[in-house]
Amino acid sequence: MGLLMSFMGKGLPTTQMLSLVMGTLYSKFMEKEIQSFDDFHAAILDMFNTINAALPGKHYDVPPPNKVQEIFVKWEGARESEKKKLFVDFMKTSVSMSKFDDSALITGLVTPPAAMAAKRAGESLPQLSIIKVIPDVIFVPSATVLALITAKLSKKMFLGNVAS
């Protein structure tokens with residue numbers, strides 16, 4: 001009963017934790033000198049970088065610049081007492097977990113065998129005989145990373161989701 005009574009009037013423990021996290025984020029955010037949208041956007045990016053570094057395994061996507069611009073206009077015109085509420089509401093509504101897409105998974109699985117096959121085929125061609133010098137231990141991971149970057153960038157460019 002004592003545990004139940006200790007939370008009475010303060011909300012659930014998850015509510016208290018969320019309030020504590022948001023309060024800490026806001027105080028960290030307000031430590032930065034914000035004079036323009038660029039300062040505001042840099043502070044938001046720094047905050048997401050800190051969050052993603054602190055939480056292993058969970059990564060959060062930064063909201064698009066147009067949403068950050070909208071909240072900056074509201075935040076800049078608000079009184080000091082309303083700024084924290086605007087910030088917390090913005091964080092609650094626009095923060096989303098980063099999702100691992102299927103194209104990256106398929107590319108990561110298919111590329112190593114394809115890289116080995118391409119290397120073996122290239123070794124028999126006189127024009128590509130220089131490929132024999134590159135060890136498999138370097139060639140396969142390099143080809144895989146390059147393929148993953150290409151897949152990710154081409155998907156973003158195709159969908160038009162490239163952040164400015």
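Which backbone oxygen does the side chain of threonine 144 reach? The side chain of threonine 144 reaches the backbone oxygen of valine 140, at 2.8 Å. Keep that pair in view as we walk through the rest of this predicted model.

## The chain as a whole

Let's start with the overall layout. The chain contains seven helices and two strands. Read from the N terminus on, its elements follow the order α-α-α-β-α-α-β-α-α.

The chain has 164 residues, and 23% of them count as buried. If you look at contacts with a separation of 6 or more, 62% of them come from residues 24 or more positions apart.

## Helix 3 against helix 4

Two packed helices are described by the angle between their axes and the distance between the axes. Helix 3 covers residues 37–54 and helix 4 covers residues 65–77. They pack at an angle of about 120°, and their axes lie 10 Å apart. The crossing of helix 3 past helix 4 is right-handed.

On the helix 3 side, the contact is made by Phe37, Phe40, His41 and Ile44. Helix 4 contributes Pro65, Val68, Gln69, Ile71, Phe72 and Trp75. Sorted by class, this contact has eight nonpolar residues, two polar ones and no charged ones.

## Helix 3 against helix 5

Helix 3 also packs with helix 5, which spans residues 80–94. Here the angle is about 55° and the axes are 14 Å apart. Because of that angle, helix 3 is oblique to helix 5. The crossing of these two helices is right-handed.

The residues of helix 3 in this contact are Ile44, Met47, Phe48 and Ile51, and they meet Phe87, Phe90 and Met91 of helix 5. By class, the contact between helix 3 and helix 5 has seven nonpolar residues, with no polar and no charged ones.

Threonine 144 sits in helix 7, which runs over residues 136–159. Is threonine 144 buried or exposed? Its relative accessible area is 12%, and buried means under 20%, so threonine 144 is buried.

What does threonine 144 touch, leaving aside its neighbours within four places in sequence? With those set aside, threonine 144 is in contact with Gly108, Thr111 and Pro112. Alongside these contacts, the side chain of threonine 144 has the 2.8 Å approach to the backbone oxygen of valine 140.

How values were computed. Residues are numbered from 1 along each chain as its sequence is written. This is a predicted model: local features need pLDDT of at least 70, side-chain atom pairs count only at pLDDT 80 or more; totals for chains, interfaces and linings use all residues. Side-chain values use heavy atoms; hydrogens and water are left out. Axes are lines fitted to C-alpha atoms, for helices over the stretch in contact, and angles run from 0 to 180 degrees between N-to-C directions. Helices (H or I, at least four residues) and strands (E, at least two) are DSSP runs, numbered from the N terminus. A crossing is left-handed if the near helix is turned anticlockwise from the far one by less than a right angle, and right-handed if clockwise. Contact means heavy atoms within 4.5 Å. Ala, Val, Leu, Ile, Met, Phe, Trp, Tyr, Cys and Pro count as nonpolar, Asp, Glu, Lys and Arg as charged, and the others, Gly among them, as polar. Angles under 35 degrees count as roughly parallel, over 145 as roughly antiparallel, 65 to 115 as roughly perpendicular and the rest as oblique. Buried means under 20% relative accessible area, exposed over 50%, partly exposed in between (1.4 Å probe, protein chains only). A polar contact is a pair of N or O atoms within 3.5 Å; within protein, one must be able to donate a hydrogen and the other to accept it, and residues adjacent in sequence count only if both atoms are side-chain atoms.
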